[in-house]
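Me: I would like to learn how to read a structure of this kind, feature by feature. Could you take me through the one shown here, giving the general idea before each case?

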Amino acid sequence: MKKKVLVSGGAGYIGSHVSVELIAAGYDVVVADNMSNCDMTCFEGVKKITGREDIPFEKIDCCDYASVDRIFSEYKIDAVIHFAAFKAVGESVAEPVKYYRNNLLSFLNILEAASVHGGCNVLFSSSATVYGDAEHLPVTENTPRLPATSPYGNTKQMSEDMLRDVVAATSSYDGKDGRWPVKGIALRYFNPIGAHPSALIGELPRGVPNNLVPFITQTAIGKRECLSIFGNDYPTEDGTCLRDYIDIVDLAKAHVAAVSRMVEGKMAKDYEIFNIGTGRPVSVYELVTAFEKVNGVKLNYKFAPRRPGDVVAIWADTSLANRELGWKAERTVEETLASAWAWERHLAGKL
Ligand code: WQD
């Protein structure tokens, strides 16, 4: 019998790539999404890539407990991967209530349903943002989290803690009062970029992109006039910020490894945290020039003032994930940037 994974927020950028890899690895997938920040493009792409027209799709809002409860009742869920959340840092500063309500309530409902329905493991989509401006690099999972600088970042920290506490509290449950133990993994992503090699799924930002790579590809295709590189006076070799850019397919495969670890009972502890990155710092300037070189395009860019809130540098120590999940990022940054460009051209009908 195939194990069944509920992917909340499964029609989005990361969720769609994860759904593809789960299906490729032999899992059944149920996609739930309220479509608040995406359309059906990626879900249709997932069906095409996997050749599976029958993937269940549930248009629900995870903030509504009755809907979440119905999904758990209808499908026998072995694990849930929770992506459904708002993710724009700046917007979260302007609209904290919206962020706290959506990101925390939806996850509370998932945690409640996971315990009530029994035998369900929870994988939470966390972020390197929890480390803030870390003193020592690369960061390990034991690097202390720093106070969040945005409500978005705070919801990631709070959600990790919610998962940790629910796992601890439910560990002694045996189903007698209708509640079962929940086990959990939090994956802390560094900077996910790129697209599926088929160019059928990828990142679909609404409006002006906040993130670097969609801004690069939209500038290259002519949708944006000029990329601003935020800051070239940082204390780094070329003066621009350093990040750990992780390929989206590699990132998706880390989820398959983590889900397998949970459903096959291989966890070392009931609540675990893993950094998901490459372990390689790349500067903004290096990324821009690598994009130009690998894709043979000239990018219109300029140096602009620093963006408030940016940390100078962050990258992952990935040894725990490499060892425990038996997973490693494989794609080169050049391959990833080529896939991002292919996706942008696919969207423009030029591929
Ligand atoms: C990367 C680098 C910018 C745009 C954010 C969130 C984080 C996570 C991923 C989200 C920085 C520079 C960017 C541009 C630029 N999770 N940049 N010009 O800030 O590392 O992380 O996204 O869902 O929580 O904080 O990613 O892609 O925005 O920026 O120069 O137009 O590119 O200053 O150095 P970031 P990013």
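Reply: The protein chain is divided into domain 1 (4-193 + 245-276) and domain 2 (212-244 + 279-347), with bounds that come from an automatic or database domain assignment. This is a predicted model, in which local features need pLDDT of at least 70 and side-chain atom pairs count only at pLDDT 80 or more, while totals for chains, interfaces and linings use all residues. Residues are numbered from 1 along each chain as its sequence is written, and side-chain values use heavy atoms, with hydrogens and water left out.

Me: How many residues does each domain bring to the contact?

Reply: The centres of domain 1 and domain 2, taken over C-alpha atoms, are separated by 25 Å. Counting contact as heavy atoms within 4.5 Å, domain 1 brings 27 residues and domain 2 brings 26 residues.

Me: What area do domain 1 and domain 2 bury between them?

Reply: The size of an interface is often given as the accessible area lost when the parts come together. Here buried area is the accessible area (1.4 Å probe) that two parts lose on being put together, summed over both. Domain 1 and domain 2 bury about 2500 Å² between them, and 67% of that lies on carbon and sulfur atoms. Of the area that domain 1 buries against domain 2, Ile193, Tyr245 and Asp250 supply 29%, more than any other three residues.

Me: How many salt bridges are there between domain 1 and domain 2?

Reply: Side chains of opposite charge can pair when their charged atoms come close. With a salt bridge taken as a side-chain nitrogen of Lys or Arg within 4 Å of a carboxyl oxygen of Asp or Glu, the count between the two domains is 2. The side chains of Asp247 and Arg331 also meet in a salt bridge, at 2.7 Å from N to O.

Me: Which element gives the most to the side of domain 1 that touches domain 2?

Reply: Helices (H or I, at least four residues) and strands (E, at least two) are DSSP runs, numbered from the N terminus. At least two residues each are supplied to that side of domain 1 by β7 (191-193), β10 (245-247), α8 (248-263) and β11 (271-276), and α8 gives the most, with 7 residues.

Me: Which residues are closest to the ligand?

Reply: A residue is near a molecule if one of its heavy atoms lies within 4 Å of it. By that rule 20 residues surround the ligand, and the closest are Leu212, Ser228, Phe230, Arg243 and Asp310. A nitrogen atom of the ligand is 2.7 Å from a polar backbone atom of Ser228.

Me: What does Arg52 touch?

Reply: Not counting residues up to four places away in sequence, Arg52 touches Lys2, Ile23, Asp28 and Lys47. A search of the whole structure finds 26 salt bridges, and the side chains of Arg52 and Asp28 meet in a salt bridge at 3.5 Å, N to O. Arg52 lies in the loop between α2 (41-50) and β3 (57-58) and Asp28 in strand β2 (residues 28-32), so the pair ties together parts that are 24 residues apart in sequence.

Me: Where is there a cis peptide bond, and which residue has a positive phi although it is not a glycine?

Reply: Most residues other than glycine have a negative phi, and most peptide bonds are trans. A cis peptide bond joins Leu137 and Pro138, with omega about -5 degrees, and Pro138 lies in the loop between β5 (121-127) and α6 (151-170). Met35, found in the loop between β2 and α2, has a positive phi of about 60 degrees.

Methods
A polar contact is a pair of N or O atoms within 3.5 Å; within protein, one must be able to donate a hydrogen and the other to accept it, and residues adjacent in sequence count only if both atoms are side-chain atoms.
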